[in-house]
Structure formats: structure tokens, C-alpha cells
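I opened my notebook for this one and wrote down each thing as I looked it up. Have the viewer open and follow along.

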Amino acid sequence: MKQLFSLIFILSASITLSWSQPSKGSLLIKNGTVLTVTKGTLTNSDVLIVDGIIKKIGKNISAPKGVEVIDATGLYVMPGIIDAHSHIGIDVVNEATNPVTADVWVGDALDPMDVSIYRALAGGTTTSHAMHGSANVIGGQCETIKHRFGSTNPNDLRMDGAPRTIKFALGENPMRVHGEGNGIIPRTRMGVEEVIRRAFSEAQAYQAKWDAYNKDKMKNPRALAPEYSRRLETLADILSGKVMIHCHSYRADEILMLMNVCKDFGVKKICFQHVNEGFKVAPELANFGAYASVFADWWAYKFEVYYSTAYNAAILTRNGVVTSINSDSPDLIRHLYHEAAKTQHYGGLSDDEALALITINPAKQLGVEDRIGSLEEGKEGDVAIFRNHPLSVYAVPVRTIIDGVVYFDIDKDPSDIRVSIDPDNLPTFQQYTEEDRCMDGVFEYLFENR
Amino acid sequence: MNYKNSISIALLLAACLLQGNVKAQLMSKAVKGTFALTHATIHTITKGDIQDGTVVIQDGKIQAVGAGIATPAGAQVIDCTGKEIYPGLIDAGTHLGLSEVSSVSLTEDYNEIGDLIPEMQALTAVNPNSAAIPVTRVNGVTTVLTMPSGGRFPGTAALIDLNGYTPDQMYAGFKVVVLNWPSSGGFGRFDRRSPEDRKKAEEKALKDLNAYWDQAKEFAALDAAAKKSGQPRKTDYNPAMEALMPVVNGEASLLIEVNKDKDILSALRWIKEKKAKAILGGVSEGWRVADSIAAAGIPVLVGPVIDLPTRPSDRYDAPYANPGKLKAAGVKIAIRTMQTENVRNLPYHAGFAAAYGLGKEEALKAVTIYPAEIFGVADQLGSIEKGKRADLIVTDGDPFETKTNIEKVFIQGWEVPMDSRHIQLYNEFLDRQPGLKK
């Protein structure tokens with residue numbers, strides 16, 4: 001009996017855990033300068049969020065009964081910032097054991113207690129693309145998360161319904177890990193292409209077997225199913241357009257290579273990540289319809305980014321490529337508004353063009369532009385409020401809101417925000433040294449465990 | 001010169017002017033001369049702001065500054081109506097010129113083998129043709145301290161101006177031996193030592209440091225005795241001791257790199273005991289012990305400002321607010337990026353510090369006159385005053401504001417080209433030819 005009770009308890013607890021919905025709130029943000037990004041700038045205007053959804057934007061909106069009012073007089077109200085490339089809120093970054101690891105999924109390793117999530121909120125960032133690292137040519141699947149900090153339930157981070165994505169990586173990182181590190185293909189950019197073509201071809205063959213089986217089993221009850229492979233299944237989903245490629249890349253030649261491979265296999269959705277030399281092939285990117293997610297000004301930290309320019313985002317934008325500015329860093333994700341402003345210094349983008357780089361454009365790249373990325377009625381209530389214009393160097397985020405719930409308030413910012421304090425892991429001083437979180441975990445694997 | 005030659009030269013010049021922006025793969029040359037920058041708002045830093053003022057640059061110096069100044073005959077007059085003039089910005093800590101591509105170790109020149117090598121000269125390894133130097137100066141940074149790093153005494157840092165073809169031409173008049181203070185904290189993810197082991201290592205490091213210091217004192221005493229007696233010093237070749245001698249004698253500054261609160265306090269005690277002429281660098285947890293630093297009267301090179309907090313439990317804005325908190329406690333500060341290729345972001349580090357408590361005016365001083373004072377070159381750098389070196393920038397607005405354009409840069413009186421790899425690639429690829437078709 002006792003056992004039955006505990007069984008019921010465990011079952012109900014797990015059902016509550018997996019079924020509970022993250023909370024949704026109602027708020028009226030009054031009298032701010034509203035930067036909608038897609039529909040211009042509205043002065044002295046209000047944004048009403050009801051049950052997590054933007055109900056109304058305009059002047060002199062009165063608060064429904066019981067709805068909290070935030071006075072935004074003198075403040076700037078913009079859509080919650082979106083980062084199309086980060087590695088926060090996850091336990092591990094790289095499954096660096098094979099050039100192809102499409103079978104693994106970052107969503108299995110979410111860490112809701114990572115303080116980086118709160119720090120991102122304190123920089124106005126509400127959504128990020130938690131990506132697998134760049135050790136493998138075809139890495140793991142990624143997860144789009146909303147920064148609902150404060151819960152211990154990993155599921156609260158997920159942005160339910162966001163399209164599936166997978167990490168690819170070209171150039172030096174996979175060449176270093178597998179070619180130089182393990183003596184297997186790829187050691188060159190020729191090998192990188194070979195790995196992708198082989199994987200896609202195997203996926204085609206796999207899919208053909210399953211298609212034949214599915215057809216056969218209708219008339220033949222004794223038909224034998226082919227062996228299931230999560231790796232090949234995922235690769236087949238890329239070919240059928242169910243999973244979008246987000247590809248770490250730097251050099252123009254490798255960017256062209258992947259577009260050619262994708263053309264041959266009928267893959268239409270690609271977002272190039274970092275893509276430092278994207279500016280050199282901007283017409284080709286625009287023609288393919290590929291997206292680009294770039295750094296504002298990172299360069300020279302490795303040879304493949306030595307011939308870079310901070311004008312990359314501006315050149316891509318002017319050539320008609322849907323471009324975003326990403327962080328790939330627990331530091332940069334806290335000031336993407338400043339990173340976006342750099343495109344005004346390097347290339348003279350307008351306010352709306354610069355803000356689009358961290359809002360509606362990354363939303364498009366993650367396939368969630370109908371839900372977030374601009375302040376529009378009917379969209380989700382993800383908002384960042386700033387003192388000073390967000391593109392000013394003096395901008396200070398003061399409130400960050402997700403689904404109508406305030407997750408960061410500068411006036412109520414506690415001195416220690418950690419959700420879980422492990423007595424065995426007391427706060428210790430730590431110098432952050434890594435430049436490229438994409439390679440997190442790889443060096444331990446390569447140099448410590450052997 | 002005959003007629004034909006002058007025509008071809010004129011044609012060549014015209015061709016260069018026409019193509020200059022499109023195909024410039026090499027940097028154009030810096031220009032020296034007498035310049036009169038007129039009708040500008042001049043931010044002198046030390047003597048207030050001047051409206052509708054003129055700065056006259058001659059022989060590499062600021063020859064005159066003020067309102068209603070006559071322009072000297074033959075001067076190139078540059079109308080700066082609506083523009084602002086600031087001193088060139090100074091970054092108080094970088095690896096600029098010492099590293100080209102950080103993942104390619106053979107292009108890295110700031111980290112020599114050895115723990116006790118104060119004699120290693122950063123200035124020797126500065127590459128005047130580093131692609132990062134023009135990239136940096138077109139953003140208004142004209143002078144940087146470039147530093148070795150690595151072991152306990154990794155070498156001697158040097159202050160350099162970002163114009164010139166030899167390290168000597170770039171040298172800006174200040175060198176300093178660097179000491180990495182023994183740390184009681186972790187060294188990132190790879191450090192898996194127990195707290196006891198860390199403590200033991202820290203104690204041993206401090207003991208070794210003191211022994212080395214005493215050795216240098218002895219060396220200095222031998223040297224002094226030899227000088228007094230007029231006899232040559234009877235010591236073996238020992239460049240490390242030679243380099244430390246002015247430091248232990250209290251004649252030269254010592255730059256102590258230290259970050260953790262506890263370590264800062266132990267460094268302050270040591271400085272007092274050794275009577276060292278110290279500057280602190282890094283000081284990421286300075287805000288925890290700001291009063292102690294102020295009481296000791298030790299200046300601080302603080303930064304990077306745009307950085308993560310050092311502990312998971314820290315407030316998200318700890319590094320942004322650090323300069324303001326140090327200043328409020330009464331510490332003299334200069335801001336640094338500790339960058340190589342992105343030293344150009346110095347104005348933004350200063351801007352973040354300004355927004356999070358330091359204020360614009362103090363932030364401006366922390367990248368101009370304060371570092372000049374800390375480095376003992378305030379008679380030459382850090383403000384717009386008559387007789388100082390002509391390191392200054394002309395802007396269309398607040399130099400910290402992200403969208404502001406730096407329009408002209410003068411370094412040692414040279415007007416440097418507003419060109420860099422990043423600008424060249426922009427000009428070549430904004431409207432690429434051929435475009436999509438063959």
C-alpha cells in the first residue's frame with residue numbers, strides 16, 4: 001500500500017513537472033517611447049499585455065482591473081532581445097566524439113539554474129538559441145529557450161513549438177578536433193565537405209529503406225522494419241526540411257561549399273553562424289535565401305577570421321541578407337543592444353535596422369517571427385525596458401519581461417541571484433579565459449582524458 | 001623636373017585619389033605639417049571646454065590652443081565647425097602589437113618561457129605593422145600600454161603611440177616591470193586543486209617572491225657599492241636583476257596584476273612593507289576593498305569593464321560598476337580593455353563605466369589625463385594644452401557614444417590616414433564587382 005502511494009506520488013509529481021505551464025502575466029507599460037522595430041517608434045505610448053500576450057499598443061490605454069502598471073515615462077520600451085547563438089542554460093556544449101553527432105540534443109542537457117540566464121535577462125535578452133558546440137561537422141540538435149529564470153524545472157526554459165534546429169560547423173574547429181586531434185577526416189576543408197555529403201547520402205538511403213518498408217507493410221504483414229538510427233533519422237529530417245541547419249562558418253569558400261551541398265540535396269533552410277567572411281559572398285547568400293548571424297566586431301582570434309571586417313553586418317544587410325548579431329558568449333549576451341549599435345558606427349545602419357539585428361531578424365532565423373521579435377498586438381509579451389536609448393552606450397536595462405512576467409527589475413535586483421546554492425561549491429573567484437564557448441569541453445576531452 | 005614628368009606625376013596622383021578608396025590595399029601615408037583646427041568645441045580635459053576654439057599643431061606639438069587664436073602663416077587650416085576635439089584616448093593595458101592571431105602561437109609575442117624574466121621587453125616585440133594598429137587608432141585610441149603576461153615577472157610593459165614604423169618611433173616614454181601577484185583563487189575550469197593545495201601554492205609563491213625580491217635588493221646593494229668605489233661590479237651577467245634594480249630601489253614603478261579581493265589586500269600589505277612604487281592592474285574585485293586601496297594611495301588600471309563578474313554570486317553589473325566604486329572611494333583610476341585586436345572598444349568600456357556610476361567626466365579623465373599621470377607622462381599626454389604632444393582626435397560627437405564618428409586622428413603631430421583593413425574590406429565588398437553574375 002505504502003509503495004502504491006509513493007508510486008502515485010512520484011507519478012503525479014512527474015506529471016505536474018512535465019505538464020505545468022510556465023506562468024503568464026498581465027501588465028500595462030505606460031507612457032514610454034515604444035520601439036516596435038517593425039512598425040516604427042511611438043512616443044508616449046502604452047503596451048498592454050494580458051495573459052502573456054500583447055493585447056494592445058497605443059496611447060492612453062487604461063489598465064484592466066488588477067493589472068499591474070509599470071510607469072515607463074522617460075524610458076524606452078523594446079521587444080525582448082533574441083540571441084540566435086549562445087551556450088547558456090546548458091550543462092554541456094560539445095559531444096566531441098565523432099564528426100557527426102546528429103543523434104544528440106542540447107535539449108536533454110538544459111540547466112535552469114545557470115546564473116548566465118539571469119545575467120542575460122539583466123541585459124534585456126529574453127530568448128536564446130542554446131546551441132551544440134562547433135567541434136563536429138554535424139553537431140547536435142539545439143533548443144530555443146526563453147529565459148524564465150527562477151525555476152528548477154528544465155522544461156520551463158523551453159520555447160514550446162519553436163522549430164527544430166541543428167548545429168553544423170565548418171573550418172578550423174572540426175579540423176582541429178578530429179583531423180589534428182584524432183587523425184580522422186576532416187583534417188581539411190575538403191574533408192569537411194566529404195563528411196556532410198556522406199552523411200546526407202546515408203540519410204537518403206536510410207529514408208528510402210523506411211519509405212519502402214512503410215509502403216511494403218501495408219500489404220505484407222511480415223515486412224521487417226529497417227534498423228532505427230536516431231542519427232540518420234535526424235539527418236533525414238534535415239533533408240525533408242523539418243530541421244533547420246545553423247552552421248558555424250567563417251571563410252567565404254566554405255560558406256559557398258555548404259550552399260552547393262544543400263542545393264544538391266534540396267535543403268533550403270540554412271542560417272550561417274559567425275560567417276565572418278559572409279560579406280565576401282553576400283550576393284550569393286542573398287540569392288540562396290540563407291540567413292547570417294554574425295559578431296559585431298570579433299576578429300583575429302584565429303587565422304580564419306584574420307581577414308574580417310566589423311562592417312560585415314552592414315554589408316550583409318545592404319545586400320539583402322537577413323542578418324542578426326549574436327553573442328556566443330555569456331558576456332556578450334548581456335549587451336547585445338550595444339553590439340547592435342556598433343553597426344551604426346560600422347556602416348551607418350538606421351535605428352530600426354540596428355534593432356532588427358537583435359529582435360525580428362534572429363526571430364526569423366529561429367522560425368519564431370510570428371510569435372516574438374517585435375512589439376505587435378497578438379505577439380508574446382516579451383519586453384525589455386531601458387533607461388536611455390538601447391543603442392546608446394549609456395543604455396541601462398531596467399526591466400525585462402517574458403510572457404508578461406517581470407524576470408528582471410533593476411530596483412529589486414538581489415545581491416545573490418543563484419537559485420540553488422551548493423554548499424560544496426561555494427562562490428569562488430574565477431577568471432573567465434575562454435574566448436570561444438563553441439569549443440567548450442573539447443579541450444578536456446582532447447588533452448585531459450588521454 | 002621636366003614638363004612630361006610633372007604631367008605623369010599629376011596623372012598618377014589623380015589616379016591615386018580616384019582609386020584611393022576603392023582599391024587601397026596598402027595604407028596611405030601619415031602627413032606631418034602645421035595644422036590649424038578651427039571653430040571646434042575643444043575638450044581640454046584639464047582646463048575646461050572651449051567653444052569656437054582653435055588648436056594649432058606644429059613640430060609634433062600643440063603650439064597653441066584657445067578661442068580667437070591667429071592661424072600661423074602656411075598652416076593647413078581644417079574647419080572643424082560643429083566638430084569636437086578631444087585628446088587621443090589612452091588604453092592603460094593591452095597586448096596590442098604583441099599578438100597578431102591569438103590561436104596561432106607563433107604570432108604571439110607576449111608570453112615568454114620562464115617565471116622570473118622581468119628583463120623581457122614588450123617594446124622589442126611590438127610589430128609596428130600589425131593590422132590591429134590602424135583598426136584601433138581610427139576609433140580614437142592613440143596610445144596604449146602594451147604588456148607581457150605569463151609567469152611571476154613576465155617582463156616589462158611599454159607605453160606606445162599608435163603611429164610609426166619602428167618601436168622607437170612609437171615609444172611614448174614609459175616602461176614598467178610587471179608582477180603577477182600570487183593568486184589564492186582558481187585559474188578557471190582547468191584548476192581542480194583543493195582549497196588546501198591552493199593555499200599551499202599561494203604561500204610558496206609569496207615566499208619565493210620575497211626571496212627573489214631580497215636577491216634583487218642584494219644585487220642593487222652590490223651595484224651601489226661598486227658605483228661608490230668606482231670599481232666594476234663583480235657579478236655575472238644577470239639581466240633579470242638589472243631590470244629589477246630600479247624597482248627595488250624605489251626609482252621605477254612596478255605594475256602588480258591582481259584581481260581577487262583577498263589578494264589585493266595581501267598585495268597592499270606587501271607594497272607597504274617593501275616600500276614599492278606600485279600601480280595595481282586588473283583589480284576586478286577592487287570594489288570589495290575599494291577603501292583599503294584608497295587608503296594606501298595606490299593608483300589602479302582597471303579593466304576590462306565590459307566583462308563578466310568574477311563569481312557566480314556577484315551582481316550582474318559588478319565589472320561595469322567597479323570603476324565608479326573605486327573612484328567614489330577615492331582611488332585614482334585609468335581604464336583598460338586588456339584586448340589585442342579590439343582595443344578599439346576602449347571608448348565603450350569607458351562609456352559603460354560612465355553609465356554605471358563613474359559619470360562621463362571622470363570616465364573621460366580615466367582614458368586621458370589619469371593614465372598620463374599614473375605613467376608619469378602628463379607633461380606630454382592626456383590633455384589639450386600648449387606644449388604637449390599633439391595626440392588628439394576630431395569627432396562629430398561624444399567619443400564614447402557608439403554611433404559617433406572619429407573624423408581625424410593626430411598622433412605626435414602626424415595626421416594619420418583614416419584607413420584600416422576593416423574599412424578597406426568594406427569599400428571593396430559593400431557593392432562587390434563582379435556581383436552575382438560572372
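Predicted model: local features only at pLDDT ≥ 70, side-chain atom pairs only at ≥ 80, totals over all residues.

**Entry 1: the end of a helix in chain A**

Next I asked which residues of α3(A) are buried. My list reads Glu172(A), Asn173(A), Pro174(A), Met175(A), Val177(A), His178(A) and Gly179(A).

Then I walked on to Pro186(A), which sits in the loop between α3 (172–182) and α4 (189–219) of chain A. The peptide bond leading from Ile185(A) into Pro186(A) is cis, and I read its omega as near 10 degrees.

**Entry 2: a cis bond in chain B**

I turned to chain B and looked up the bond from Gln433(B) to Pro434(B). That peptide bond is cis too, with omega near -5 degrees. I placed Pro434(B) in the segment after α13 (421–429) of chain B.

**Entry 3: positive phi without glycine**

I checked Ile45(B), which is not a glycine and yet has a positive phi of about 80 degrees. I found Ile45(B) in the loop between β2 (35–43) and β3 (49–58) of chain B. Is Ile45(B) buried or exposed? I wrote down buried, because its relative accessible area is 15% and the cut-off for buried is under 20%.

Met338(B) went on the page as well: its phi is positive, about 55 degrees, and Met338(B) is not a glycine either. Its loop runs between β14 (333–335) and α10 (346–358) of chain B. With a relative accessibility of 25%, Met338(B) counts as partly exposed.

**Entry 4: around His43(B)**

I went back to strand β2 of chain B, where His43(B) is found. His43(B) has a relative accessible area of 11%, so I marked it as buried.

What does the side chain of His43(B) make a polar contact with? I found the side chain of Tyr86(B), at 3.3 Å. The side chain of Asp49(B) is also joined to that of His43(B) by a polar contact of 3.3 Å.

Leaving aside residues up to four places away in sequence, I listed what His43(B) touches: Gly48(B), Asp49(B), Glu84(B), Ile85(B), Tyr86(B), Pro87(B) and Ile384(B).

**Entry 5: where the two chains meet**

How many residues does each chain bring to the contact? I noted 60 from chain B and 67 from chain A. For the size of an interface, the accessible area lost when the parts come together is often given. Here I wrote about 5,800 Å² buried between chain B and chain A, with carbon and sulfur atoms giving 54% of that area.

I then looked for charged pairs and found three salt bridges across the interface of chain B and chain A. One of them pairs the side chains of Lys403(B) and Asp351(A), at 3.7 Å from N to O.

On the side of chain B that touches chain A, α3 (132–137), α10 and α13 each supply at least two residues. I sorted the residues of that side of chain B into 24 nonpolar, 18 polar and 18 charged.

Terms used: Residues numbered from 1 in each chain as written. Chains lettered and ligands numbered in written order. Heavy atoms only, no water. Helix = DSSP H or I, 4+ residues; strand = E, 2+ residues; numbered from the N terminus. Buried < 20%, exposed > 50% of the residue type's maximum accessible area, 1.4 Å probe, protein only. Contact = heavy atoms within 4.5 Å. Buried area = accessible area lost by both parts, 1.4 Å probe. Salt bridge = Lys/Arg side-chain N within 4 Å of Asp/Glu carboxyl O. Nonpolar A, V, L, I, M, F, W, Y, C, P; charged D, E, K, R; others polar. Polar contact = N/O pair within 3.5 Å; in protein donor to acceptor, adjacent residues only side chain to side chain.
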